[in-house]
Amino acid sequence: MAKTNGKNWLRAKGSASSNKVTFLELFFDLVFVFSISQLSHALAAHYTPLGAAEAALMTFAVWWVWIFTAWVTNWLDPDKMPVRGMLVALMMLGLLLSASIPEAFGDKGLLFAGAYVAMQVGRSLFTTYAMTRVDRANTLNFVRITAWLVAAGVFWIAGGLLEHEARLIAWVIALAIEYAGPAAGFAVPVLGRSTARDWDVSGAHMAERCALFVIICLGEAILVSGRTFAELPFSGLTNVVFVTAFIGTVAMWWLYFRFGHGRAAHRIEHEETPGSLARQAFTYGHIPILAGIIVHAVAVEFMFSHPHETGDLGIAAAVLGGSGLFLIGNLWFKGATSGRMPLSHLAGLVFLILLAFVAPFIEVYLMGILATLVLIVVAAWEYRSLTGTEAAPTLH
């Protein structure tokens, strides 16, 4: 990598600080605490098939704008003043994006779309400029990325100007373009396409950034439990639901951090093509993990508000689906970083599927207890099978 004219805003590869997550990056993440809260509340408030589709789309969008920024700050140095300015600007736009989530499919559609496109395209253009004359390969990469984001941006803005189902369709097309980009190597006529070897990322930095985002999501689940419990009259049932929700969140934390995160960080640091693994395990593999925690937070609200409800398949889908999505995400994540799927997680998914058959006949709070027990059993099974083998390269 050549350096010229002092205009180098990139991290110094190989230095002690090259893998460090900076305080500004953590500050930037605070905006997404608000985003996750808005997403869970929006889903709980509009818990219909259409509401779920809209919440899913916004979840994909929030994750995409965050993970793209995480990739960029893997190269750019947040301690450099221009990069700091860029991140602060993204924070402001992210705050507008988050604030518009509840009415993104109403009166604030254009605000949501405009803030999103400004974040995606603006950050990509800034990074392209930062890479110029410093890293030619990545300059071309970000020119290609910008082209894909601009193409998607047309549909984002068009959707913001449309209404109802037309907006949803336009935004689905926009997301499909953006999500297809990495898998297609951001191929652009004349400019060609990127390869996995072009993405020379710091695996430790990427692993820590994603781990911090998971902490943000788990924090929202904790906040939902605490806030709702504080607002309800004190009773034995609310105590049971509160403890169940807390233990379920702790079990999720354990499943991700006890073995998954540490092994992934070690694996990606020693990978010949870390960019390929980062794309598979972090860019895509964390989506169901994020979705699972958000749905879990919604399920907690239902457990408090409808503890004795039976026969509601929608509520059952939230209670069991949160745990199921989280396990699917961990299967993907751990399988990509270890080469083998953990049997404990597969068994947990089977248990949850079996519970789905009896869910219409049991009360919501009991269903929540059973779903939490599944997570505990999976965590205990994995711990028992892997204790003492943390250094092994694969799961057993």
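Ring pairs join Trp253, Trp254, Tyr256, Phe257, Phe282, Phe333 and Tyr383 into a cluster. Rings of Phe, Tyr and Trp (its six-membered ring) pair if their centres lie within 6.5 Å; planes under 30 degrees apart count as stacked, over 60 as edge-to-face and the rest as tilted. The model is predicted: local features need pLDDT of at least 70, side-chain atom pairs count only at pLDDT 80 or more, and totals for chains, interfaces and linings use all residues. Residues are numbered from 1 along each chain as its sequence is written, and side-chain values use heavy atoms, with hydrogens and water left out.

The structure holds 28 aromatic pairs. One of them is formed by Trp66 and Phe213. This pair is tilted, at 4.5 Å centre to centre and 45° between the planes. Trp66 lies in helix α2 (residues 49–75) and Phe213 in helix α7 (residues 203–231), so the pair ties together parts 147 residues apart in sequence. Helices are DSSP runs (H or I, at least four residues), numbered from the N terminus. Both Trp66 and Phe213 are buried, that is, under 20% relative accessible area (1.4 Å probe, protein chains only).

Tyr256 and Phe333 form a stacked pair, with 5.3 Å centre to centre and 15° between the planes. Tyr256 belongs to helix α8 (residues 236–269) and Phe333 to helix α11 (residues 313–338), so this pair ties together parts 77 residues apart in sequence. Tyr256 is buried, with a relative accessible area of 0%. Phe333 counts as buried at 0% relative accessibility.

Mean pLDDT (the predictor's confidence in each residue, from 0 to 100) is 87 for the chain, and 91% of its residues reach 70 or more.

Methods
Helix = DSSP H or I, 4+ residues; strand = E, 2+ residues; numbered from the N terminus. Buried < 20%, exposed > 50% of the residue type's maximum accessible area, 1.4 Å probe, protein only.
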